[in-house]
Amino acid sequence: MSPFIAVLLFGLFVGAGPAWAQSERVVEIPTRPGITQRFLVLAPEAPTAAPKAAVILFAGGHGGLQLSPQGGFGWGAGNFLVRTRALFASQGLLVAVIDAPSDRQVQPFLGGFRQRPEHTADVQAVIAWLKQQANVPVWLVGTSRGTQSAAFIATALPPAAGGPDGLVLTSTLMIDPRGRGVTAMPIENIRVPVLVVHHREDGCEYSKYADVPRVMEKLTTAPRKDRITAEGGISRGDPCEAMAHHGYNGIEREVVAKIAEWIVR
């Protein structure tokens, strides 16, 4: 899609009314010069009620959802945050499920890009768009490798500079043999509320529950921080994938409800 068409779509969406009054749809906005960012927007369940907050959901893995203009997913439909987007909306939240930007629509998608200033600029534009649609706090919510995006952006972009108002890390990628895990980031610089959610039996070697205290200890300047330990559910397949405890399989509704409650308290 050309930047001109992206701007046109952006204008049409705004002209149709606030995002929370619309059904689920794909939005594409210009971000960096010549680059657009596509994301799926889902309104709160009660269409006439203004949202309590907005969340930007970052899938794990390579993050290339390959969203079609009609809202179909080329990849990642089963990811924890992607498959639970309607649950977040049912809690009164305006939801944006973010894809890779237009210049990262081939392999490795967000691989090697999650901790780059260009990624921060793209997400900053989405935050601004959401605030224009509904004047509410915007939170970043990441899962697995998506926590690398969410945490990095929170360290690099304070609210006063157009950054997020809060951060939720689920199944945090603690270490990354190909890069920098969350525990190695300067998360002590994050000055917004942070919630850390982790399954007690997460079997992913890069996302061990035993490392959660390391994250909590480093969040020295967060004005509010807490941890939620998930238990139960069903673990199937690769322990680092979405249908294992790593993806809260079988307990999605409970986990999302607890996250939303913490965000809006």
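A contact is defined here as heavy atoms within 4.5 Å. Among contacts in the chain between residues at least 6 apart in sequence, 73% join residues at least 24 apart.

The structure is a predicted model, in which local features need pLDDT of at least 70 and side-chain atom pairs count only at pLDDT 80 or more, while totals for chains, interfaces and linings use all residues. Residues are numbered from 1 along each chain as its sequence is written, and side-chain values use heavy atoms, with hydrogens and water left out.

**Overall form**

The chain contains 7 helices and 8 strands; helices (H or I, at least four residues) and strands (E, at least two) are DSSP runs numbered from the N terminus. Its radius of gyration is 17 Å, close to the 18 Å that the globule rule gives for 265 residues, so the chain is as compact as a globular protein of that length. The radius is taken over C-alpha atoms, and the rule is 2.2 Å times the number of residues to the power 0.38. Along its principal axes, the C-alpha trace spans about 50 × 40 × 35 Å.

Of the 265 residues, 54% count as buried (under 20% relative accessible area; exposed is over 50% and partly exposed in between, with a 1.4 Å probe and protein chains only).

**Charges and salt bridges**

The chain carries 25 positive and 22 negative side chains, and the centres of the two sets lie 3 Å apart. Lys and Arg count as positive and Asp and Glu as negative, without His and the chain ends; each charge is placed at NZ of Lys, CZ of Arg, CG of Asp or CD of Glu.

The structure holds 12 salt bridges, each a side-chain nitrogen of Lys or Arg within 4 Å of a carboxyl oxygen of Asp or Glu. Among them are the following.

| Pair | N to O distance |
|---|---|
| D122 and R32 | 2.9 Å |
| K131 and D165 | 2.8 Å |
| R200 and E231 | 2.6 Å |

D122 lies in helix α4 (residues 117-133) and R32 in the loop between β1 (25-30) and β2 (36-42), so this pair ties together parts that are 90 residues apart in sequence. Both D122 and R32 are buried.

K131 also belongs to helix α4, whereas D165 is in the loop between α5 (146-156) and β6 (166-170), so their bridge ties together parts 34 residues apart in sequence. K131 is partly exposed at 30% relative accessibility, as is D165 with a relative accessible area of 23%.

R200, in the loop between β7 (194-199) and α6 (212-218), is linked to E231, in the loop between β8 (225-230) and α7 (252-264), 31 residues apart. Salt bridges that share partners join R32, D103 and D122 into one network.
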